[in-house]
Amino acid sequence: RTPTQTDATTATVTTEPSTQVPLECLNAINLTESWRLDYSGSDTKPVNGWYNWDPRDMIAAGRPWFRFSGSAGNKLVDFCVPMHSCGSVGTLWSNSSMPNSIVIVTSITIYGHDTDGTPKCDYWQFRGSVMRCSSAANDFVYRYDDRDGGVFGFCGMNA
């Protein structure tokens, strides 16, 4: 185990005897909104006419584990997405390596696209975690670990 990895708690799923599923995966919230796949810079304001603000909401909710599913794709986007996309002002993405081992929490860098006159894909860097839930492709849950963050939204992708 490396210093950036910790063991997760697991629970047995009764539908498949002897299959261990991390509790973080069972309890993760699902991000399902289709605007998380909008990379067009369309300036969509999907939350009661305002921008999505994931860091604030994740911190207020106690930093829950989350996954992308349904209309939001199946994975955190791994490339820079233009600002004013994914239902927010700044876009959140990560090109960190995803873990191959199940039930290991791995630290990742989450980048926030912002500008100081010239758009920069990695203008902001935030701390996050990822865990592989099973051997299925792209079966990951994520957590926002940083202490604050501006008006940013997590972007999903279909991988």
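The legends below describe close-up views of salt bridges and backbone angles in a predicted model.

Residue numbers start from 1 along each chain as its sequence is written, and side-chain values use heavy atoms, with hydrogens and water left out. Local features need pLDDT of at least 70 and side-chain atom pairs count only at pLDDT 80 or more, while totals for chains, interfaces and linings use all residues.

**View 1. Glu33 and Arg36 are joined by a salt bridge.** A salt bridge is a side-chain nitrogen of Lys or Arg within 4 Å of a carboxyl oxygen of Asp or Glu. By this rule there are seven salt bridges. Between the side chains of Glu33 and Arg36 the distance from N to O is 2.7 Å. Glu33 is partly exposed, with a relative accessibility of 26%. Arg36, at 2%, is buried.

**View 2. Asp54 forms a salt bridge with Arg36.** The closest N and O atoms of this pair are 2.8 Å apart. Helices (H or I, at least four residues) and strands (E, at least two) are DSSP runs, numbered from the N terminus. Asp54 is buried, with 4% relative accessibility.

**View 3. Arg143 and Asp145 form a salt bridge.** Their closest N and O atoms are 2.5 Å apart. Arg143 is partly exposed, with a relative accessible area of 23%, whereas Asp145 counts as buried at 17%.

**View 4. Asp43 has a positive phi.** Most residues other than glycine have a negative phi. The phi of Asp43, a residue other than glycine, is near 60°. Asp43 is found in the loop between E4 and H2. With a relative accessible area of 31%, Asp43 is partly exposed.

**View 5. Val103 has a positive phi although it is not a glycine.** The value is about 75°. Val103 sits in the loop between strand E7 (90-93) and strand E8 (104-115). Its relative accessible area is 15%, so Val103 is buried.

Definitions and conventions: Buried < 20%, exposed > 50% of the residue type's maximum accessible area, 1.4 Å probe, protein only.
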